Each structure stands twice: as structure tokens, then as C-alpha cells.
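Subject: Structure handover

Hello,

Here is the structure for your files. My notes on it follow below.

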Amino acid sequence: GNAAAEMLSAYLMLAFATSGVVLTLYLFRHTIAVTLFGKILSGVNREAAETFFHSALVLIAGASLALSTRVLYAMHRGYVANLFAALAPVVGLSLLVMGITSAEDKVAYAIAALYGPNALACCALAVLQILGAVRQRTASFGIAFSQIAKASPGFLIFNTLGAAVLQIDYLVMSQKVSAVEIIHYFTTGKIFSFVA
């Protein structure tokens, strides 16, 4: 049906966009790591750049595949998406507590533990959704793809600007303040978000 064609179109566009972001981060991982962490780490080595890239992969996968939970809301199954949202952090926190002290690369481990379960769950859900959509008739795929492509630039600009504004604080701080001050800021922010 039309919904299946729209879903496949959205996932195809997402695959292209995600691949572009991953390729860009891979090519410029060292430059980005030096820019973001050079002041904090007093010089960034190859391992720090690789940690940044591997961590970015987990975070990008989770963010991209979160489309699968939005599809659930569109299908009036938001309760399943809410279940994912509730269980993934519990699993992640459990993994973090169990393995952080013995992890060789604690930053990469923490990111994988906290964000990996959500990324894996969303990946499994996306695969199921794609397979389900492929089984349906998608004769209108070209039309759906074209319609979504025409509408997408506005959403891309709006979401990119929104994400940049929300995350710019850490980018500015990485250049202007000490590591201890960033930790203090982060901890205070986490406490406030819990209270909120």
C-alpha cells in the first residue's frame, strides 16, 4: 500500500543520509577529535579519534533507527515505542554498572552500554518494519519517494538547526573551559533533567 511505499522511501532516504554522515565523520574523525577534545585531553592521539568515531557510530545508529519508533506511533502502537523507551535505559544502566570498571576504553564502553541497547532494539524493529513493507504491494514507491523527497529539505534544515542549537553548549565549552568545569556542568545538567 501507500503507507508501505512511504515507509520504504523514508528508510531509503535515511540510509543515504546516515551513510553520508558516517563517511564524513570517518574521513574527518581525527580533525573533529582534535577540535573537540584537544584542549580537554591535552593532545588527541589516534585512539581518541577512533573512540570518537566508534562512539559516533553507536549514537548515529540509535538516532537514525529511532525512525522505527516514530513508525510505531503512526501505526497507533505508541505503547510499544514507550516500552522501548522505558526498557532501553534500564538495560543500558545495568550494562554500565556491571562493566565500566573493567572496560579498557571507558568512554566507548559507556556509550555502547548506554546507547547500544536502544540502537539494537530500533535496528531489529526497523528490519521487521522494512520486511513487512516489502511484502506489501509498493507499486506507488516512485510517487511516494518523490513526494517525501520534495518535502524533506525543509524538515532537514529545521531539524539540523534545532539539533545544533540544543548541542552547541558542549561545543563551545570544549573550547573555552576546563575538563573539570565541563564535568561540573554536565553533572548539574543531568541532575536538573532528572528533577524536571
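Axes here are lines fitted to C-alpha atoms, for helices over the stretch in contact, and angles run from 0 to 180 degrees between N-to-C directions. Helices (H or I, at least four residues) and strands (E, at least two) are DSSP runs, numbered from the N terminus.

This is a predicted model, in which local features need pLDDT of at least 70 and side-chain atom pairs count only at pLDDT 80 or more, while totals for chains, interfaces and linings use all residues. Residues are numbered from 1 along each chain as its sequence is written, and side-chain values use heavy atoms, with hydrogens and water left out.

The chain has eight helices and zero strands. Its C-alpha trace spans about 55 × 35 × 30 Å along the principal axes.

The axes of helix 1 (residues 2-27) and helix 7 (residues 141-176) come within 8 Å and cross at roughly 55°. That makes helix 1 oblique to helix 7 (angles under 35 degrees count as roughly parallel, over 145 as roughly antiparallel, 65 to 115 as roughly perpendicular and the rest as oblique).

On the helix 1 side, the contacts (heavy atoms within 4.5 Å) involve N2, A5, E6, L8, S9, A10, L12 and M13. Their partners in helix 7 are F141, A144, F145, I148 and A149. By class, the residues of this contact are 10 nonpolar, two polar and one charged (Ala, Val, Leu, Ile, Met, Phe, Trp, Tyr, Cys and Pro count as nonpolar, Asp, Glu, Lys and Arg as charged, and the others, Gly among them, as polar).

Regards
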